[in-house]
Amino acid sequence: MAFTARSVASPRVINIHDLRRLAKRRLPRVVFDYLDGGAEDEFTLRENCRVFEDLTFRPRYAVAMPKCDLRTRVLGADLAFPAILAPVGYSRLMHPAGELAAASAAGSAGLIYTLSTISAHKLENVRAASTGPVWYQLYIVGGREVAEAGIERAQRAGFSALVVTIDTPVAGLRERDPRNGMKELLGGSILSKLPFLPQMFAHPGWLASFLLDGAVPQLENIVIPGEGPMPLMDVTAALAKAFVTWEDFRWLRKIWTGPILVKGVLTGDDARRAVDEGAAAIIVSNHGGRQLDGAPATLRALPEVVSAVDGQAEVLMDGGIRRGSDRSSRRLDRPRLCLRSRRGRPCRRQPRTGNSAR
Ligand SMILES: Cc1cc2nc3c(=O)[nH]c(=O)nc-3n(C[C@H](O)[C@H](O)[C@H](O)COP(=O)(O)O)c2cc1C
C-alpha cells in the first residue's frame with residue numbers, strides 16, 4: 001500500500017482548532033475575543049465556515065498518485081503551497097513579536113506575509129524579518145498625506161504589492177469588544193479599567209510579556225506629521241473616517257508602481273469595477289465576518305466574482321478556511337489561492353477524502 005506518511009510536529013497542535021484552544025488559554029478574554037469574534041450576531045463568521053459542509057468531494061480512484069506538488073505562483077511570486085498570511089491588525093497585542101514573528105514564519109514556510117496598516121512593528125523591520133515576499137495592506141488612516149508617506153516607505157522597503165481593503169466604510173459592531181472593556185483597557189481611566197482587570201491577572205504570562213513590551217503599543221506605520229506614530233487608542237476614530245472610494249484608485253496608481261489587490265469584493269459588479277481601476281488581483285473577502293454581518297459567505301460569492309473577472313485579474317479568497325481540504329474543495333471555482341488569518345473556530349464539517357473533482 002503506497003500511502004504517504006503525514007508527519008505531525010506536536011501532538012498538542014494537530015490542527016488549527018488546537019491552536020485556537022491554546023490561544024484561548026494564553027490570552028485575556030478581551031484579546032482572544034478581538035481575534036476570534038465577528039460583527040453583531042456573527043452570522044457571516046459562522047456561515048463562512050458552515051458553507052464548506054454543503055460541499056463534498058466527488059472522488060475518482062484507481063489512478064496513479066504522483067508526488068503531490070502544491071507550489072503555485074501569485075502575481076509573479078512563487079509559493080510553497082497556495083496560501084498567504086492575511087493582514088491582521090493589532091498583532092502585537094497577541095504577542096510582543098507580533099508582525100515580525102508572523103512575517104518570519106511566512107518566509108520560512110515559503111509564503112507571502114501581508115502587513116496590516118494597523119501594525120506596531122516598523123514596516124522596514126517586518127520586511128527584513130521575512131525571507132519571502134511581503135505585501136502592504138492599506139487603510140487610508142489619518143488622510144491621504146499620512147497614507148502616502150506609509151506607501152512610499154513600504155515601496156522603499158521592498159514590499160511587492162499593495163492590498164487595498166474596501167470593506168470598512170463603517171466599522172463592524174463587534175459586540176464582544178465593548179463587553180470585554182476593549183475601549184477602557186486601551187485608553188480609559190484607572191477607575192473605568194477596574195471591572196475589566198481580573199481577566200488580565202488571570203493570564204500572568206501574557207500580562208508580563210505585554211508589560212515588558214511597553215504595554216499598549218503605538219502604530220509605527222501611521223505617522224502623523226509633527227506628532228509621530230498614532231497611539232493605538234486613536235485608531236478607532238481614525239478608521240471611522242478612513243473609507244476608500246473608487247476615486248482613490250487613480251491617486252493610488254500614481255504613487256504605487258507595483259501591483260494593487262482589492263480586498264473585500266463580494267459581487268461581480270465590484271470585481272469588474274476593481275479590474276477597470278487597474279487591480280491586478282481581487283480578494284473575495286468579507287473580512288472574516290467582522291464587518292457587515294449578513295454579508296454572504298465568501299465561498300458563495302466566489303463563482304460570481306470569478307465569472308465577472310473572466311481571467312482579467314487573479315482571484316484570491318479568504319474566510320472560514322480552516323483546513324487544506326477547505327481550499328482544495330474550491331478548485332471548481334478556481335480561486336488562485338486563499339488567505340489565512342486566524343481562528344480555529346470549531347466548525348463542524350463532513351469528513352472528506354480523495355481528489356477534489358467536485
Ligand atoms: C484579528 C483580526 C484582525 C484583522 N485585521 C485586518 C486588517 O487590519 N486589515 C484587513 O484588511 N483585514 C483584517 N482582517 C481580516 C483578515 O485579513 C481576513 O480577511 C479574514 O480574517 C479572513 O477570514 P478568516 O478569519 O475566517 O480566515 C483581520 C482579521 C482578524 C481576525
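**Loops, core and a hairpin in a predicted model**

Y90 is placed in the loop between β3 (83-85) and α4 (91-94); helices (H or I, at least four residues) and strands (E, at least two) are DSSP runs, numbered from the N terminus. The model is predicted, so that local features need pLDDT of at least 70 and side-chain atom pairs count only at pLDDT 80 or more, while totals for chains, interfaces and linings use all residues. Residues are numbered from 1 along each chain as its sequence is written.

The phi of Y90 is near 60°, which is a positive value in a residue other than glycine. Y90 counts as buried, with 21 C-beta neighbours inside 10 Å. A residue is called buried if 20 or more other C-beta atoms lie within 10 Å of its own, exposed if 12 or fewer, and partly exposed in between, with C-beta atoms placed from the backbone. A positive phi near 60° is also found at E42, again a residue other than glycine. E42 lies in the loop between α2 (29-36) and α3 (43-50) and is partly exposed, having 19 other C-beta atoms within 10 Å.

A nonpolar core is a set of buried Ala, Val, Leu, Ile, Met, Phe, Trp, Tyr and Cys residues joined through C-beta atoms within 7 Å. The largest such core has 86 residues, and V262, I282, V284 and V305 have the most contacts inside it. Helix α16 (residues 298-309) gives the largest share of this core, seven residues. In soluble globular proteins, nonpolar side chains tend to be buried together.

In helix α15 (residues 268-276), the buried residues are D270, A271 and A274. Seen down the axis of α15, these residues fall within an arc of 105° and so line one face of the helix; the arc is that of the directions from the helix axis to the C-beta atoms. D269 and D276 are exposed on the other side of α15. The buried residues of α15 pack against β9 (260-265), β10 (281-284) and α16, where contact requires C-beta atoms, placed from the backbone, within 7 Å. Just after α15, G278 takes a positive phi of about 100°.

Strands β7 (residues 218-224) and β8 (residues 228-231) pair in the antiparallel sense over four bridges; pairing requires that DSSP finds at least two bridges between two strands. L219 stands opposite M230 in β8. Three residues separate β7 and β8 in a hairpin, and G226 in the turn has a positive phi of about 80°.

Notes:
Contact = placed C-beta atoms within 7 Å.
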